[in-house]
Structures are given as C-alpha cells and as structure tokens.
Amino acid sequence: MHYEPEYFLDRDAASGRVMAHARLLLKLARRFEAVAPAAFRYTAHVANYKSGTIVIHTDNGAVAAKIRQMGQRLCAELSKSGAECIVMEVRVQPREILRQPIASTLKPISEEACVALRSTTEKLPKGPLRAALDHLLERAAKRG
C-alpha cells in the first residue's frame with residue numbers, strides 16, 4: 001500500500017501541528033488573494049499567522065503602505081475565513097528574483113565620435129573624468 005507524505009506527517013503529534021499550521025496558512029493565503037485588490041495578488045502574500053496576528057510580506061514599500069491603509073478591512077475579511085485577525089503586520093520582503101546576469105556588450109562607436117572623444121580627452125586635466133574617457137576609448141568597438 002502506498003501512502004502520501006501527508007499521511008505520515010499527520011500521524012506524528014509534532015509534525016501534525018506543523019501540518020495544521022501549514023493548512024491554515026494556505027487557507028489564509030487563498031482568502032487574502034480573494035479579498036485583496038487584484039493589483040496586489042502578485043506583490044503581497046501571507047507569510048505567517050500567530051495568535052491573531054497575520055504577517056503579510058510585500059515586494060515594495062508602496063504596496064506595503066497601501067495594505068497598511070486597508071488593514072482593518074482586510075483583517076475583517078480574513079477573519080471571516082475562520083482565523084481571528086486582530087492585527088495585520090505588513091513587512092517589505094522582496095522575493096528573490098533568479099535571473100541570469102546579462103553580460104555587457106560592446107557598443108560600437110563611430111570613428112567621428114572616437115576622434116571627438118580623443119580630442120576632448122587630450123584637453124582635460126588628469127583626473128577621474130579623463131581616466132574614464134580613456135578607458136571608454138580603449139574598450140569601445142570601433143565602427144567604420
């Protein structure tokens with residue numbers, strides 16, 4: 001006979017409490033998605049619940065501020081799902097975005113632009129600006 005992992009997790013008292021909490025969080029998350037404005041569905045989510053306090057994580061401060069303004073209404077709506085909501089804590093916690101870094105590409109500079117930059121560089125005193133322009137001219141791919 002084959003059992004799902006939940007079967008074993010529900011059998012143990014300690015893991016049973018964890019599973020019950022996980023189910024409650026899922027229920028609250030679904031309810032939050034249903035009652036929160038559509039614009040916040042992908043930028044805010046339920047992070048935790050403990051003793052009447054629901055913790056919401058948002059991707060940015062603007063969303064956090066708006067959810068704080070709507071806190072009482074959202075608490076009332078979330079309480080209808082069975083979990084008492086007394087306080088709503090809103091924290092800015094951006095989600096990790098896994099992207100491949102984009103390698104910089106050499107942009108071609110025309111010969112005219114190279115001549116103008118070289119002329120400008122020669123007139124500048126030694127310093128950070130001149131060093132930056134020298135570096136640009138060394139690295140730039142030249143376009144004919």
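Predicted model: local features only at pLDDT ≥ 70, side-chain atom pairs only at ≥ 80, totals over all residues.
**Exercise 1. Locate Lys107 and classify its exposure**

Solution. Step 4: Between Lys107 and Arg139 the C-alpha distance is 9.4 Å, while 32 residues separate the two in sequence.

**Exercise 2. Examine the salt bridges**

Task: Determine how many salt bridges the structure holds, and identify which residues are joined into one network.

Solution. Step 1: A pair qualifies when a side-chain nitrogen of Lys or Arg is within 4 Å of a carboxyl oxygen of Asp or Glu. Side chains of opposite charge can pair when their charged atoms come close. The count for this structure is three salt bridges.

Step 1: Arg31 and Glu77 form a salt bridge with an N to O distance of 3.0 Å. This pair links distant parts of the chain, for Arg31 belongs to helix α2 (residues 13-35) and Glu77 to helix α4 (residues 71-79), 46 residues apart. Arg31 counts as partly exposed because its relative accessibility is 25%.

Step 2: Glu77 also forms a salt bridge with Lys80, and here the closest N and O atoms are 3.3 Å apart. Lys80, at 60% relative accessibility, counts as exposed.

Step 3: A salt bridge also connects the side chains of Glu89 and Arg91, at 2.6 Å from N to O. Both residues are partly exposed: the relative accessibility is 30% for Glu89 and 41% for Arg91.

Step 4: Through shared partners, Arg31, Glu77 and Lys80 are joined into one network of salt bridges.

**Exercise 3. Find the disulfide**

Task: Identify which cysteines form a disulfide, and explain which parts of the chain the pair ties together.

Solution. Step 1: The criterion is a pair of cysteine sulfur atoms within 2.5 Å. By this rule the structure has one disulfide.

Step 1: The partners are Cys75 and Cys85, whose sulfur atoms lie 2.3 Å apart. Because Cys75 is in helix α4 and Cys85 is in the loop between α4 and β3, the pair ties together parts that are 10 residues apart in sequence.

Step 2: Cys75 and Cys85 are both buried. Another cysteine, Cys114, has a relative accessibility of 0% and therefore counts as buried.

Key: Residues numbered from 1 in each chain as written. Heavy atoms only, no water. Helix = DSSP H or I, 4+ residues; strand = E, 2+ residues; numbered from the N terminus. Buried < 20%, exposed > 50% of the residue type's maximum accessible area, 1.4 Å probe, protein only.
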